[in-house]
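Student: Can you walk me through this one? I'm new to it.
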Amino acid sequence: MEHNAKLYVAGHRGMVGAALVRRLKAAGYHNLVTRTSQELDLRDQAAVEDFFALENPDYVLLAAAKVGGIQANNVYRADFLYDNLMIQSNVLRESQRHGVRKLLFLGSSCIYPKLAPQPIKEEYLLTGLLEPTNEPYAIAKIAGLKLCEAYRSQYGCNFISAMPTNLYGPGDNYDLQNSHVLPALLRKFSEAVTLGLPRVPVWGTGTPRREFLHVDDLADACLHLLLHYNGAEPVNIGTGRDISIQELADLVAELTGYAGEILFDFSKPDGTPRKLLDVSKLHKLGWQHSIGLREGITAVLQSADWQRATQLPEPQFA
């Protein structure tokens, strides 16, 4: 991938897209093309056609998507399915029609069955029922992955797919109504410290286990795949290590300096019991993560991005 090649990063203002832009620039790729959602609605087929005709990018990194936590996925089911189907279908179709040399499609670990054997290998896709709360989003991502495979098969396109685990880092969403578990806990515990609250409620039983990857590690892995992988099969991206929600809550409480009670709300859904990706394929391709969970969360809490996003006074670190 030449350093003067034109790269289109779809979704560059989101957490993942912004991390991709940072990593590409750090690696010497400066001919980047971006559009905000106000400038280009990727759900609009005619607008996407015009954009590709104008820019004609050499490479495409498809990070644009409608995302959210359990509650948002469960409430806005139609929007999650429709928006994601339209975004990826339009970008993939125009990438094929305009001869894009390589495209990276970013999926999600939620594409795998709810009760898949652990750790989850790439070949477990479509071997069981999905987690009901995020089924529309998962179905959209599965359709995107399969569309990449179909364009490869029918037109010979070099479209590759990566399936990242749960992400966190700069640019995360800290809105308690639609954020993922880790940013939601960071927000809850930091506010509890500021307000002096005696207890913090946490959804579910605390027993589900999750894997977390810093978004800068994800961006580094994506660049590695763009440079070194041309296969049809998806590649999992993660750390290969998981932690229970209770352990995560304890860690966040420690790092935010919260000393009160953690109260698990058993009336709220747990989601998938365990979600740990098998990353042996990625390791064989020569990439491993470098940012540990404690190190990554500490960096988030010390960042200007966190202060801006939450508009909270600087927390006291333990």
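Student: What kind of model is it?
Tutor: This is a predicted model: local features need pLDDT of at least 70, side-chain atom pairs count only at pLDDT 80 or more, and totals for chains, interfaces and linings use all residues. Residues are numbered from 1 along each chain as its sequence is written, and side-chain values use heavy atoms, leaving out hydrogens and water.

Student: Which residues of helix 6 are buried?
Tutor: Among them are L182, P183, R187 and F189. Buried means under 20% relative accessible area, exposed over 50%, partly exposed in between (1.4 Å probe, protein chains only).

Student: And what comes just after helix 6?
Tutor: G196, with a positive phi of about 70°.

Student: New topic. Where does N56 lie?
Tutor: N56 is in the loop between helix 2 (45-55) and strand 3 (59-62). Its phi is near 45°, positive although N56 is not a glycine.

Student: Why does N56 count as partly exposed?
Tutor: Because its relative accessibility is 42%.

Student: What about L126, buried or exposed?
Tutor: L126 is exposed, at 55% relative accessible area. L126 lies in the loop between strand 4 and helix 5. Its phi is positive too, about 60°.

Student: Which residues does the cis peptide bond join?
Tutor: Q118 and P119, with omega about -10°. P119 sits in the loop between strand 4 (102-106) and helix 5 (135-155).

How values were computed
Helices (H or I, at least four residues) and strands (E, at least two) are DSSP runs, numbered from the N terminus.
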